[in-house]
Amino acid sequence: MRPFVLAIALFSPSLALAAPTEVRGTITLPANARAPGDRFPSFWARLENGLLPIAPPLVSPMSEVVVVLEGPTTSASWSGNITMELAGADFSPRVVPVLVGTTVEFKNADRTPYTVFSPDNGAFFGKEETPGGKSRKIKFLAPGVFPVRTDEYPHMEGAVLVLKSNLYARPDDRGAFKIDNVPEGKYTLRVFFRGSFVHEQPLEVPARRAVDVVVKAAPGPAHKAE
Amino acid sequence: VVLTKAWLVVVGLALAIVLALALVVPRPAMRELEKEQVARLAHVQHASQLLLKVDARSKIDYAAHLSGDVVLAGALDEASRGGTDKGLHQTALERLRVFNSQLKMAFLVALDAHGRVLARVTENGEGDAQAWGDSMAGFPVIADALRGYRGEDAVAIGGKLYRLAASPVIKHDRYAGALVIGMAAGDDLAKRMHESLGAEVAFMLHGKVVASTTSTPALEKLPAELDKRAEEIAKQGHTPAVALESGANDRWWAMATPVAGEAAAQDAWYVLLLPRTAGTGLGGLVHAAGGDDFKSGYPWILVIMVALVALAGGIAIVWWESESPMARLRDEVGRLAAGELPRLDDRPFRGRFAQVVRSINSTLDRLVRSGGVVGVTTLSADRNMPAPSLREREPASRVPTTEEPLPASYEPMMIAGQAAPVSEAKVAAPPMPKLQVESQPLPKFPLEALDEDPTTQDEHLPAPSSRAAAKPGLPALPQLDAIPLDAVSSKQRPAPRPGQPPATPRAPAAQVATPMPVGMGRAAAPPSAPAPKPAAPKPAPAPSPAPRKPAPFGLPMEELEIAPSSGLVTNAVAAGPDGIAPLPPPPAPDFGDETVVSQPSDDLIDQSRGTGVHKSDLEAYFRKVYQDFVELKRKCGEPTENVTFEKFVGKLRDNREQLIKKLGCKSVKFQVYVKDGRAALKATPVRD
């Protein structure tokens, strides 16, 4: 395993004292982070071509990570729309963090229809075919994790992460993230990756001082940070 | 019939055992056979995995080989760098057509480095212009190929099952895209697998058959089995052998394996099917047996021999135990009925047949002792006439007289071969026919019977008390020849028995010739007695020219009425040279169509008795003579106290023996008559 190290550097103390602080850091994922196709072993394991080194995947795993700060006073909602596109037999993006009340539009950008649904949430997000070029909108009124699947291709795994606070961030391809306007207080930092929270740790945010966090996430269920 | 029953029991047990074996024996065989079939199916499943793996690898190699095409790589590289010229699409399309003209894949797809379709051709070489620009980067195998991996996968697209192989396309030092080849997992693949594995192959998607080498409807039952066996599938990677059947002739062993790759999550299976033996048990074997099974090498000879031996054994046992004794018994009884035999010989018979013979003989013996045969003869003459001797021998309280009707239940004993039905043989109490002794020759008196021990006298003899009344010291009887014989009047004769017609009054001083007892010789036969059948053996040559009829067997003397005689002796006795006058032949009875039961011959009667003359008859004869003599003395006014029966009989016996020894006659007849006003007794030798 080659854990990545998330480093959060504090900004200058003058800035921290002047405004609500921010939480910054870097998150590292294990190198053997499960790829969607890994769930379906075939007769032959994939073979390297022997000519060129293996390139990084087109869709970075970091695009499926969401860092969330959960505190007692955090509460927010939004009634806007966010689009999750279905293209090339894949969700793009694969994970959508939204606030409670947000409407997610599932747009079929392919020519083939997809039947999008959320397992165990058939009451409001049941199976319904979305033809090519059409969209389906679902409004999420409660916080939680809502996995998204299609009936056609099991490898298509997406998730809608409905949050009641806007204290969340999506890291870039290198894993760096930043959460602004974090009030002083005690929080729980949780890392969401590919459908579930894989890491959580307590985080005390002081007043007027930025917090740097280094997170080494591991696949599997959430666990305490090192 | 013991052996017959035993044989039937053996045959029944043998059949039961054979049936039990026939039902049981196939079971272990079928069990082993099913084990073999299941094991073979497991081997086939393992082989199928190897086959699909090798095939997948070959497809990867195809993709890798095609992805090295420089022209295609150049077009993809240009497209990956943003080129949207249709020329790139056409170039890639042409190259794919060239490739697929040889490979005949379901489709070939060329994708740029971003996973967008530059060109796509189908199996028939047609291009899909609309596919240009589509993205396929979401498929794992393609995403891996865009990164540099070669791989393969199986996935269901649009309701069809495809196996995909992808390889990166490299242009110089960068990835220019990927080449994907798709093969339908359809009938062609199933056929090739069937040819290689020797098992039926079916591909199923979402519980429906998408390709198969067999069209059995039994596969419709497989999805339910898959749901039941999810745990075993997760553990073993495939189902165990599942018995499927949709009919007696549609029985399979099925083993389903998830199709490797993403298709497994799409509920895609390939199923291997091996036919199960058509039914288990005896029914299955019979059903499976064909005409050829009875041709080559079938032990027909053994089967036929066993059947013939069993049949012959059964027939032999039945013949030996039943048929043969029955035929012999039938013949014996026929001969008995025909009068050829006095009784049946039970020595050749065994078991129940011997019991039957002994029962018949016992019946005959009882009839003989009771004079029942007379009844037979009487029935021959007049079937409605009861046997007089039978009634005579029975106690008076039981046997009705001829004057009173017999009870309806009273039936004379019948002898086998007697034609008269029982209903007709019932005693109807008709008048008793008179038996005229004058018309018959005197019976032959077997001398052997006279030597019998008097202690063996039968039950008809007087009671021992009466016999013991003889006291020693009694005055000796006078010489027979010296005994005065008084005239016998008819009024001094015993009263006729009830039912008997009144006797004809005798002439005074008529000589009373006491007839010989039955069994002592030829007794006078009743006029109605039938003539013996010609086939019946003649007991002995009759010296008398007159045809003689055998005396009714056991006919008691009491039934014989002595006809009055004008002389001292009866006509029959006085007229013959030996004192017995030949009698005219009795008129032949007209029996019409009635079955005639002939009188057994004397020889046969003697044989049946074993000792010749029946001792009781001789004693009865002596008693009769004694009674006649005493009665005559009483009539003549002579004292009779000193004339005891024992001494009288002893005298008669001694006299008889002396005469027989002296004259060589066969018997002696005693006559009671009145001589000079006194009762006298005369002995007359009988020579035939």
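**Entry 1: ground rules and salt bridges**

I began with a definition: a salt bridge is a side-chain nitrogen of Lys or Arg within 4 Å of a carboxyl oxygen of Asp or Glu. Counting that way over all chains, I got 39 salt bridges.

Two notes for you before going on. This is a predicted model, in which local features need pLDDT of at least 70 and side-chain atom pairs count only at pLDDT 80 or more, while totals for chains, interfaces and linings use all residues. Residues are numbered from 1 along each chain as its sequence is written, chains are lettered from A and ligands numbered from 1 in the order in which they are written, and side-chain values use heavy atoms, with hydrogens and water left out.

**Entry 2: a salt bridge in chain A**

I looked up A:Glu200 and found a salt bridge to A:Arg190, with 3.2 Å between the closest N and O atoms. This pair connects distant parts of the chain, 10 residues apart: A:Glu200 lies in strand β16 (residues 196-205) of chain A and A:Arg190 in strand β15 (residues 185-193) of chain A. Strands here are DSSP runs of E, at least two residues long, and helices are runs of H or I with at least four, numbered from the N terminus.

Are the two partners buried or exposed? I used these cut-offs: buried is under 20% relative accessible area, exposed is over 50%, and partly exposed is in between, with a 1.4 Å probe and protein chains only. A:Glu200 is partly exposed at 22%, and A:Arg190 is buried at 19%.

**Entry 3: salt bridges in chain B**

Next I turned to B:Arg81, whose side chain meets that of B:Glu78 in a salt bridge at 2.9 Å, N to O. B:Arg81 is exposed, with a relative accessibility of 54%, and B:Glu78 is partly exposed at 36%. Both belong to a network of salt bridges that links B:Asp77, B:Glu78, B:Arg81, B:Asp173 and B:Arg174.

I also checked B:Asp112, which forms a salt bridge with B:Arg116, their closest N and O atoms being 2.9 Å apart. B:Asp112 is buried, at 3% relative accessibility, whereas B:Arg116 is partly exposed at 36%.

**Entry 4: chain A as a whole**

How many helices and strands does chain A have? I noted 1 helix and 17 strands. Of its 226 residues, 46% are buried.

Among the contacts in chain A with a separation of 6 or more, 63% are between residues 24 or more positions apart.

Strand β12 (residues 157-163) of chain A is mostly covered, with 7 of its 7 residues buried. On one side I found A:Glu157, A:Ala159, A:Leu161 and A:Leu163, and on the other A:Gly158, A:Val160 and A:Val162.

Which strands pair with it? Two strands pair if DSSP finds at least two bridges between them. Strand β6 (residues 95-99) of chain A pairs with β12(A) in the parallel sense over 5 bridges, and there A:Leu99 has A:Leu163 as its bridge partner. Strand β11 (residues 144-150) of chain A runs antiparallel to β12(A), joined by 6 bridges. In that pairing A:Val145 stands opposite A:Leu161, and a hairpin of 6 residues joins β11(A) to β12(A).

**Entry 5: an open sheet**

I traced 4 strands of chain A forming an open sheet in the order β5-β4-β7-β10, with mixed pairing. Its edge strands, β5 (91-92) and β10 (135-139) of chain A, each pair on one side only. Strand β4 (residues 81-86) of chain A runs antiparallel to β5(A), and 2 bridges join them. One detail I liked: A:Glu85 has A:Ser92 in β5(A) as its bridge partner.

**Entry 6: a loop glycine**

Last, I found B:Gly198 in the loop between α6 (187-197) and β6 (200-205) of chain B. B:Gly198 is partly exposed, at 41% relative accessibility. Leaving out residues up to four places away in sequence, B:Gly198 touches B:Arg40, B:Met193 and B:Leu274. B:Leu274 is 76 residues away along the chain, with 8.5 Å between the two C-alpha atoms.

Methods
Contact means heavy atoms within 4.5 Å.
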